[in-house]
Amino acid sequence: MKEEEKLIVRRIKEGTVIDHISPGSSLNVLKVLGITGEEGMTVALVMNVPSRKMGKKDIVKIEGRELTQDQVDKIALISPDATINIVRDYRVVEKRKVSVPEVIRGIIRCPNPMCITNQQREAVIPTFRRISDSPLVLRCEYCGAILERKDILDQFR
C-alpha cells in the first residue's frame, strides 16, 4: 500500500475497536452505545474507508471502554459483519465477530402498534426470535410481526 493510501488513525492503548461496520452505519453504532461525545473519552470514527472484504467499511475506536454483551448484541443488529477487538497496552488481546443472538429482549420495539408489548398498561418486554441471519429477519414472540434489517435500522435512527 502506498504511503498516501494508508489510514492515519492513532492506535489506542486500552479500549475497543469495532471494525468491519457496514459502510455508513458507524453513527448508529455510536447511538446504540450511548456515545454522544460529552463523556470525555477519546473516540475515533472513520467512515467509508476501503476494505478488501467489504469494498467499504466504517471503524470506531473507543479509548478506555470495553463493551458489554448487551452492547455487542445491539451492534450485531446494526452491522452483522462487525468485529470487536479488545485492546490492552496497545495490543489486540481478544478478537471476535458479532452475531445476532437467537433471542433479542428489550433492545428493539415491535412495529405492530396493537402488539401487547406496545401497550402502556402492560409490562411486557419486547422479545424477538431470529428467523434468518442473511438476510436478517426477526419475529415478535407475542404477535408474530416480522422485522427485517431495514425495520431494525429505522429504530436506531
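**Burial, pairing and contacts in a predicted chain**

Author: Let me start with helix α2, where the buried residues are Q71, V72, D73, I75, A76, L77 and I78. The model is predicted, so local features need pLDDT of at least 70 and side-chain atom pairs count only at pLDDT 80 or more, while totals for chains, interfaces and linings use all residues. Residues are numbered from 1 along each chain as its sequence is written, and side-chain values use heavy atoms, leaving out hydrogens and water.

Reader: Why is strand β5 said to lie largely in the open?

Author: Of its 7 residues (91-97), the number buried is 0, so the strand lies largely in the open.

Reader: What makes β4 and β5 a pair?

Author: Two strands pair if DSSP finds at least two bridges between them. Strand β4 (residues 83-88) and β5 have 6 bridges, in the antiparallel sense, so by that definition they pair. N85 stands opposite K95 in β5. The two strands form a hairpin with 2 residues between them, and D89 in the turn has a positive phi of about 50°.

Reader: Why are β6 and β9 called edge strands?

Author: The open sheet has 4 strands in the order β6-β7-β8-β9, paired antiparallel. β6 (103-105) and β9 (146-148) each have a single partner strand, so one side of each is left without a neighbour in the sheet. The twist averages 30° from one strand to the next. Between β6 and β7 (residues 127-132) there are 3 bridges, and I104 stands opposite F128 in β7.

Reader: How do you know that helix α3 lies across β8 and β9?

Author: That rests on contact, meaning heavy atoms within 4.5 Å, and on axes, which are lines fitted to C-alpha atoms (for helices over the stretch in contact), with angles from 0 to 180 degrees between N-to-C directions. Helix α3 (residues 149-156) runs at about 80° to β9.

Reader: What does UniProt list as "binding site"?

Author: The unreviewed entry lists C110, C115, C140 and C143. Although spread over 34 residues of sequence, they cluster in space, with a largest C-alpha distance of 8.8 Å. UniProt positions are given in the numbering used here, with shortened feature names, and annotations may be inferred rather than shown by experiment.

Reader: Why is C110 called buried?

Author: Its relative accessible area is 5%, which is under 20%, so C110 counts as buried. C115 is buried too, at 2%. Leaving aside residues up to four places away in sequence, C115 touches C110, C140, Y142 and C143.

Note on methods
Buried means under 20% relative accessible area, exposed over 50%, partly exposed in between (1.4 Å probe, protein chains only).
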